[in-house]
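My entries follow in the order I made them.

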Amino acid sequence: MGVLGASALATGCSGAQSRPSAATGTTPSTPAASTTTEAPAPPPPPAPTPTWDGQVKVLGDGSTSDTGPQPKQPVPERLKPGEKPPQFVVFSWDGALEGDERLFSHFRKLGVENNAQMTFFLTGLYTLPKSRSTLYQPPQHKAGEASIDFATDPHIKDTVEQLRLAWLDGNEIGTHFNGHFCGPKGGGDWSTEEWKSELDQSVSFVTNWKTNTGLKDLPPLPFDYTRELVGGRAPCLEGQKNLLAAEKAAGFRYDASSPGEFQVWPVKKEGIWNFPLQMLPYSGKSTQSLSMDFNFLANQSGNTTNGDPKKYDTWEKETRDSYLAGFERVYNGSRAPLFIGNHFESWNGGIYMQAIEDVMKNVCKRDGVRCVSFRQVADWLDAQDPKVLDKLRQLDPAQPADWSRLVK
């Protein structure tokens with residue numbers, strides 16, 4: 001199997017205990033939740049009428065709130081005649097759990113330091129305690145089953161705090177759905193109605209985390225998730241065809257579940273923006289790899305997240321240099337956005353985390369570069385002249401452009 005084939009398969013993310021499969025490089029289903037036959041826990045009580053607390057409009061059970069427009073958001077502007085487009089770079093994170101290694105908080109702070117706003121695709125189960133796992137009714141699986149571990153109560157508390165701070169920093173909170181099922185009976189086998197159920201449950205877990213956890217003394221999230229949620233990424237990048245219809249019905253503006261495409265200016269699928277992982281030049285090789293840490297891992301250490309330590313330095317350099325090569329190709333060429341996917345995991349000694357940190361520090365303060373969220377890219381694209389966007393899509397990634405001719 002060539003690198004593209006391996007990368008296209010190795011597109012999932014994993015929970016704290018999951019490992020890639022030797023056969024395909026994808027994350028296997030290893031249910032960590034209880035599968036006993038206990039009766040499902042009762043659903044949360046109906047949401048009370050929103051109340052005002054100072055400048056905060058508390059929603060539902062107090063898990064979320066309306067604090068007004070999100071701070072630190074850029075105002076999208078249409079390109080002026082002859083103007084070179086900004087170089088957008090999106091760092092996105094699947095799962096968004098604040099675990100023992102504190103990687104969520106680390107990269108959130110790193111983003112502030114480097115003028116980078118990002119997209120955090122929150123897994124809904126990371127706000128649901130294992131003691132109430134049977135509230136989750138996954139499509140084609142038993143109640144309470146999941147292919148990732150449920151978060152511990154301390155991790156839920158820490159994750160909610162990071163979500164609050166991340167949103168106030170201007171970052172986007174998207175969705176990575178719930179159970180992370182891949183392969184048979186996973187997202188690729190789900191109907192649109194099953195995807196709708198998965199999405200509705202993810203929203204419910206986030207908007208009722210206080211009821212489900214009992215952590216009622218904590219402050220609410222400072223946003224209305226039912227309004228702020230406008231995009232997601234499917235686990236293992238499976239099932240986009242049926243997922244798109246579910247997302248469109250929910251009012252989503254973009255989807256980031258495509259299993260990989262070239263570095264070109266985005267188009268819409270089914271009326272919403274398609275933001276795929278991208279094929280990047282693989283440093284030192286004649287092939288390409290998708291722009292996600294898990295794909296580099298699959299190509300480097302195969303079926304283990306703890307490969308040969310003697311190769312860590314080489315693998316870290318390969319990963320970092322590949323991201324930078326993809327960046328330079330469009331920065332000096334078509335200016336198509338660069339989309340990068342990550343997980344808060346210390347695979348292979350943490351080399352992928354270090355590579356991303358190096359890339360963020362290298363590119364985000366460069367002239368003309370905007371490290372932004374997917375939502376902010378969608379905002380900018382919606383503000384542009386469709387005819388100009390059509391011209392930009394004709395450019396090859398590395399093709400220098402005559403902006404005076406293209407942007408009129």
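Entry one. I began with Arg320 and Asp358, whose side chains meet in a salt bridge at 3.2 Å, N to O. The term stands for a side-chain nitrogen of Lys or Arg within 4 Å of a carboxyl oxygen of Asp or Glu. I noted that this pair links distant parts of the chain: Arg320 sits in helix H9 and Asp358 in helix H10 (residues 351–363), 38 residues apart. Helices (H or I, at least four residues) and strands (E, at least two) are DSSP runs, numbered from the N terminus.

I looked up the exposure of Asp358 and found it partly exposed, with a relative accessible area of 23%. Here buried means under 20% relative accessible area, exposed over 50%, and partly exposed in between, with a 1.4 Å probe and protein chains only.

Before going on I wrote down the ground rules. This is a predicted model, in which local features need pLDDT of at least 70 and side-chain atom pairs count only at pLDDT 80 or more, while totals for chains, interfaces and linings use all residues. Residues are numbered from 1 along each chain as its sequence is written, and side-chain values use heavy atoms, with hydrogens and water left out.

Entry two. Which residue forms a salt bridge with Arg320 at 3.3 Å? I found Glu316, that distance being the one between the closest N and O atoms. Arg320 and Glu316 are 4 residues apart in helix H9 (residues 312–331), so about one helical turn separates them. Glu316 is buried, and its relative accessible area is 17%.

I turned to Asp66 and Arg227, and their side chains meet in a salt bridge of 3.5 Å, N to O. Is Arg227 buried or exposed? I read a relative accessible area of 57%, so Arg227 is exposed. Asp66 is partly exposed at 22%.

I then took the totals. The structure holds 21 salt bridges. The chain has 13 helices and 14 strands. Of its 408 residues, 56% are buried. Among contacts (heavy atoms within 4.5 Å) with a separation of 6 or more, 74% are between residues 24 or more positions apart.
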